[in-house]
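Student: I am new to this structure and would be grateful for a close look at a single part of it. A connected account of the surroundings would also be welcome.

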Amino acid sequence: MNTHGHDFPRIPNGRLISLSVLVLLVCLFYTYAAAYVAPYSGVEVSGDLIVEALDPCAADAAWCEANQGTLQLGDQLLTIGDLTYAESLRDRSRVPFAGYKPGDRVPITFRRAGEERTVYWRMLGPTPVSRIRRLVRSVLTYAPFWLAGTLILLFLRPRDRRWRLLVLFSYTTAIWLAAGIYSNLRVAYASPVQHALAWLLAPVYLHLHLAVPSPLLRRYQRRLLLPLYAIAAILAGLELFQALPRTAFYLGLLAAFLGSLGVLVFRLLTSPSAADRVATRLMLVGIGLALGPGIMLAVIPAFLGAAEPRGLVLNVVTFAIPLLPLFYIYALYKRRLGTLEFRVNRLLSTYSFASLYVTTFILIFLCGSWWIRLPDNLVAFSLTVSTVFVVAALPLRTRFQRLINRLAYGTEHDPD
């Protein structure tokens, strides 16, 4: 029985395709800006102008030699050409290193260990590897949510409130990720747009989780959600004009994610419907599997005192993030998949297992490498860990499949 209201009036597929293409064009615009408009300085800085990464010397030996002994990781940049640190905080549309061409020498003042220094940094310019890296990382970050939104938009039925909210959830998240993945580059007004969208995520996420898998607080939803949407729209507008504190948008993100988790946990503990509990459980598992690997790789090495593998964290997050929209679609529409349900179940469990297994391997290898200093011991450790993981993969994969089946069906199920 449909518990989400009647279907919306039939919308021509042409309009739906136009909406999907429009969202994709917005996302591709930010991909293009990051890959073809933003400067390639050879140094990656955060929004606070702290040096986070330096291109490897393999990119250009002459460039590397020219910049030898200048910037290091953790340096706080105070000026980049005519851009000052204070001006960069006041106006987040100012692009660091803008106006400089490959080979130009950029005067930079920075602080290291409480001491201010001035150096000339030689611009690297784009290389095939750096451009491809920006293109691939940008597209892979938002593509899962755009694809999920498009699949829901064109193929899932009924086109009811649940359908509309899932599309809004997927497309809003896709645009936020597209603007945010390289917002530190500040091209195309990406930073203010990312901050504005963070506020809009809060009412969208809360509305979705109050409406699915079945309506919660139906009598009070309008009184609760209308003010939330209005406040979020006002705050988003203020962010576009950069009228709020630079870190205020984190409150919107916290409201979106913690509020959604709170609603899901409340459903899990109080819902009288077994079907709702199963769907809620799968949604929570999707959140954990999508965000957990990145959090583990960021937190555990830092807790143990090892260097944070920033590049690995980004790669693992990019690999794991598709699990979130996929689990949501499976949780809410698995009964409508027919004979495809078990194949989707197998696909999700295999993907999830691969994500967790790779994350666990990376964590053990990183921590072991940090503790073991001698090269000979490190080689033996690497061979041992690799062998153990290869041998244990198949039996652990079978146990993980049983766990996913138990979550999806409430009991062990063999689709064969």
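Is C27 buried or exposed?

Tutor: The model is a predicted one. In it, C27 is buried, because its relative accessible area is 0%.

A residue of the helix nearby in sequence may be considered next. T31 is in helix α1, which covers residues 13-37. At 5% relative accessibility, T31 also counts as buried, since buried means under 20%. Leaving aside residues up to four places away in sequence, T31 touches L135, S138, V139 and Y142.

The cysteines lead on to the matter of disulfides. A search of the whole structure finds 1 disulfide, and this bond joins C57 to C64, with an S to S distance of 1.8 Å. The two partners may be described in turn. C57 has a relative accessible area of 43% and is therefore partly exposed, whereas C64, at 13% relative accessibility, counts as buried. E65 is placed in helix α2, residues 61-66. With a relative accessible area of 65%, E65 is exposed. The C-alpha atoms of E65 and R122 are separated by 9.8 Å, although these residues stand 57 residues apart along the chain.

Most residues other than glycine have a negative phi, and most peptide bonds are trans. L49 is not a glycine, yet has a positive phi of about 60 degrees. The loop that holds L49 runs between β1 (43-45) and β2 (51-54), and L49 is buried there with a relative accessible area of 0%. A113 likewise is not a glycine and has a positive phi, of about 55 degrees. A113 lies in the loop between β5 (105-112) and β6 (115-122). At 84% relative accessibility, A113 counts as exposed.

Two peptide bonds also call for attention. The bond from R157 to P158 is cis, with omega near 0 degrees, and P158 is found in the loop between α4 (128-155) and α5 (161-180). The bond from V212 to P213 is cis as well, with omega near 5 degrees. P213 has its place in the loop between α6 (190-211) and α7 (221-240).

Charged side chains are also placed over aromatic rings. The charged end of R134 sits over the ring of Y40, at 3.8 Å from its centre. R162 lies over the face of Y333, 4.7 Å from the ring centre.

The aromatic rings may then be considered with one another. A pair of aromatic rings is described by the distance of the centres and the angle of the planes. A search of the whole structure finds 14 aromatic pairs. One of them is formed by F361 and F365, and this pair is stacked, at 6.1 Å centre to centre with 20 degrees between the planes. Both residues belong to helix α12 (residues 340-371); because they are 4 residues apart in that helix, F361 and F365 are separated by about one helical turn. F361 counts as partly exposed at 26% relative accessibility, and F365 is partly exposed too, with a relative accessible area of 30%. F361 also pairs with F389: the ring centres are 5.2 Å apart and the planes stand at 80 degrees, so this pair is edge-to-face. Because F361 lies in helix α12 and F389 in helix α13 (residues 375-409), the pair ties together parts that are 28 residues apart in sequence. F389 counts as buried, at 13% relative accessibility. One aromatic cluster is formed by F353, Y357, F361, F365, F389 and F400.

Finally, these parts may be set within the whole chain. The chain has 13 helices and 6 strands. Its radius of gyration is 24 Å, close to the 22 Å that the globule rule gives for 416 residues, so the chain is as compact as a globular protein of that length. The C-alpha atoms fill a box of roughly 70 × 55 × 40 Å along the principal axes. Of the 416 residues in the chain, 47% are buried. Among contacts with a separation of 6 or more, 73% are between residues 24 or more positions apart. The accessible surface of the chain comes to about 21,300 Å², and 66% of that surface belongs to carbon and sulfur atoms.

Key. Residues numbered from 1 in each chain as written. Heavy atoms only, no water. Helix = DSSP H or I, 4+ residues; strand = E, 2+ residues; numbered from the N terminus. Buried < 20%, exposed > 50% of the residue type's maximum accessible area, 1.4 Å probe, protein only. Disulfide = S-S within 2.5 Å. Phe/Tyr/Trp six-rings, centres within 6.5 Å; stacked < 30°, edge-to-face > 60°. Lys NZ or Arg CZ within 6 Å of the ring centre and 35° of its normal. Contact = heavy atoms within 4.5 Å. Rg over C-alpha atoms; globule rule 2.2 N^0.38 Å. Areas by Shrake-Rupley, 256 points an atom, 1.4 Å probe, with all protein chains shown as cover.
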